Amino acid sequence: MSYIGKSVKRIEDKRLVTGKGKYTDDIKIPGLTHAYILRSPYASANILGIDTSAAKSAEGVISVFVGTDIEGIRGVPTGWQVNFKNGDTMKEPAHPLLVTDAVRHVGDAVALVIAETKEQARDAADLIDVDYEVLEAAVDPAEAIKDGAPLVHEDAPNNICFDWELGNPVSEVDAALAKAHHITSLDFINQRLVPNAIEPRSAIGHYEEHNDHYTLYTSTQNPHLTRLLLCAFVLGIPEHKVRVVSFDVGGGFGSKIFHYTEEALVIWASRKINRPIKWTAERSESFLTDAHGRDHVTSAKMGFDKAGKMVALKVDTIANLGAYLSTFAPAVPTWLHGTLLQGLYTTPKIHIDLKAVFTHTNAVDAYRGAGRPEATYLLERLVDLAALEMNMDPAELRRINFIPAFNGVTEPGYQTQVALQYDSGNYHGVLDRALEKVGYKDFRKAQQESLAKGKLLGIGFSTYIEACGIAPSAVVGALGARAGLFESAQVRVQPTGKVSVYTGSHSHGQGHETTFVQVVADKLGIPMEDVDLVHGDSDAVAFGMGTYGSRSLAVGGSAIVKSVEKILEKGAKIAAHKLEASVDDLDYANGKWTVKGTDKSIAFGDVSLTAYVPHDYPQGLEPGLDFASFYDPTNFTYPFGAHIAIVEIDKETGKVTLQRFVAVDDVGNVINPMIVEGQIHGGVAQGIGQAMLEGAVYDESGQLINGSYMDYAMPRADDFPSFEVERTVTPCPHNPLGVKGAGEAGTIGSTPAVVNAVIDALWKAGFKVKDIKMPLTPERVWTAMNN
């Protein structure tokens, strides 16, 4: 009975599309109250006074809390430490649950109002009188580090959180660039994005006095990490007294990995009023307070010899972290971005210097791809631009610089100049397949013919690599992680042969209830209907590190496989006893153990029953068939691919139409091709959204001026052609499934492909434009052509 590699329809979809899902805001608890958070309308201001008297006497109000009510409680910490390049510790100011003396971004939490209904809480919040002394704000990260800029935190001079470097000595890189035949330089901005998960964040805190126990229901990608931070760092509650539950989650894209202040607030306040409290973000709150993504200001140089071989890469980046450090914020521009600057190329000298900066804006953290899209955009824009400047074919320039194919088994992994060692790869393979699929030679001919008719066509390339399944724990610990990045799984076989799987990974759209079940059913040779998946409950699952970084299958799935292997190992001992044979004489296939060369066999269900009714049982063997495992990988996994975009530009208006998009990705072995293709489609849509439509815009005072769907341009179906998606398969050599991860690949590869296509169209038409700031709106493209 084979399920691995089959496009099985998602088990969970019937429940979700028929309204049977269970999201945090759906949960009803007797005595439930509702919270509303009064937030700062200013990016930077001192609080001179707060009068809550009118709010406290308003109808339905149960309690009102301000920052002075919770003094002594530590703020929400970051989960990663990155030091200055001189060894000094990074600046780590507190992120209070409610501010006391000053606000540091629009949306900073000033007061918590709890009432019988959300409407009553909101109305009462309007009655709170806050006396603000409005101050100048530091908004632009490049300006924020200049002398005299307004400070976000007094203990962070020049607003610098840390100044970090990686790679070869900068003197060696400068020397290589000095000898280069050609240098391509590019200054650009990778703009800030708002995640916009379809389900706004929600949290319910429920303290039960009779047993001194807390339950937090929350829309998180990471229930156990939330519990760890909440208990160990924020409120100091023993972990065994706290249950964190995250049932169905309506999308996350990284923005729901983090421990947010609202989660701690509702737990703390629930004990104060001795009733459960629900807080659910309004969409405007989500724009202001869900951790944003990207926001890099970069200057980069890539040097080449006469043959077009890369000789050096030098990068200077300013990364905006916002006003406070979110859970993984320090890791994103450093170990998830700087370490990927080798790309697919043999560049012998690489150096990045990065300044992470505080500004009076919302926090910036991991957003689908998390550092990898920023690194890929930097590299792929430089490569396509260099091809234009040197009058070389962009595909050929890549080919002569690609790392040769290697499998990571008989051939060693590729050691980069920026710390990582790639696992396996065949980078020529994905590019060749993409070129074949797009009909590259025919396109170039058509491009010339169209140009003669006044029609602007362009083609853009992006060949990318990413690091997924982030681990092992010892390595990430050395890099600054304050937690392990393993995963756990328990497989429990019931007496009837039915199987329950408990995973520390968490699904918020990835299809775990299907994919993980496929793996277990395939390995055990039983029907998928006999396997049940449990996740998202810290009381049911011993521990877990959640879902992000395309780690679910590579790390969580591997933990499941380890537990299944233990089940089969013990099951074989029971089967051997029942069949009066040696374990070595047994084969296991199609859900039964068979004595080799005979027709004597025993089914999986009979063995499981024997394990729980051990009347005729191997001596010294424990009853039961239930195993847990922790899996800590030996390395990251490294998916890769080639994306090609074809665009047409309206010369009169600057409007860009995406005509075709081809994506050839290699994510290792695939469990469910349909789910993988869906993940690629979704990622490509988000990557194209960044290139063409999206971008959070703050004004000089720190106001988010496009914080609504009336103003923030989300991509829609009619913005896209039908995506042409294919795969090659290069298995990961170091995990039992050979998988690499697929959740972020589309986002990482697509953005530079689209921008490169636009620049290619302009160059072919005689417009020597090096860069256009994303998103590529018609106005920006038209201006580039006419300037």
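In this briefing, Ala, Val, Leu, Ile, Met, Phe, Trp, Tyr, Cys and Pro count as nonpolar, Asp, Glu, Lys and Arg as charged, and the others, Gly among them, as polar. By these classes, the lining of the largest cavity divides into twelve nonpolar, nine polar and four charged residues. The model is predicted, so local features need pLDDT of at least 70 and side-chain atom pairs count only at pLDDT 80 or more, while totals for chains, interfaces and linings use all residues. Residues are numbered from 1 along each chain as its sequence is written, and side-chain values use heavy atoms, with hydrogens and water left out.

**Cavities**

- A cavity is a set of points, on a 1 Å grid over the protein atoms alone, where a 1.4 Å probe fits but cannot get out; lining residues have an atom within 4 Å of a point.
- The structure holds four cavities of 30 Å³ or more, where a volume is the space filled by probe spheres set on the points, and grid points are joined across faces, edges and corners.
- The largest cavity has about 250 Å³ of space.
- Its lining has 25 residues, and those nearest its centre are His95, His105, Tyr260, Thr261 and Thr289.
- The second largest cavity has a volume of about 60 Å³, and its lining residues include Arg201, Lys256, Tyr260, Glu263 and Trp279.
- Four nonpolar, four polar and three charged residues line the second largest cavity.

**Second largest pocket**

- A pocket is an open set of points with protein on both sides within 12 Å along at least five of seven lines.
- The second largest pocket contains about 570 Å³ of space.
- Among its 26 lining residues, Gln191, Ala696, Val697, Tyr698 and Lys773 are the closest to its centre.
- Strands (DSSP runs of E, at least two residues, numbered from the N terminus) that give two or more residues to this lining are β8 (182-193) and β13 (293-304).
- The largest share, three residues, comes from β8.
- The lining comprises 13 nonpolar, six polar and seven charged residues.

**Helices α10 and α11**

- Helices are DSSP runs of H or I with at least four residues.
- The axes of α10 (residues 394-401) and α11 (residues 427-438) come within 10 Å and cross at roughly 165°; axes are lines fitted to C-alpha atoms over the stretch in contact, and angles run from 0 to 180 degrees between N-to-C directions.
- That makes α10 roughly antiparallel to α11, a term for angles over 145 degrees.
- Contact (heavy atoms within 4.5 Å) is made by Ala395, Arg398 and Arg399 of α10 and His428, Leu431, Asp432 and Leu435 of α11.
- These contact residues divide into three nonpolar, one polar and three charged.

Definitions and conventions
Angles under 35 degrees count as roughly parallel, over 145 as roughly antiparallel, 65 to 115 as roughly perpendicular and the rest as oblique.
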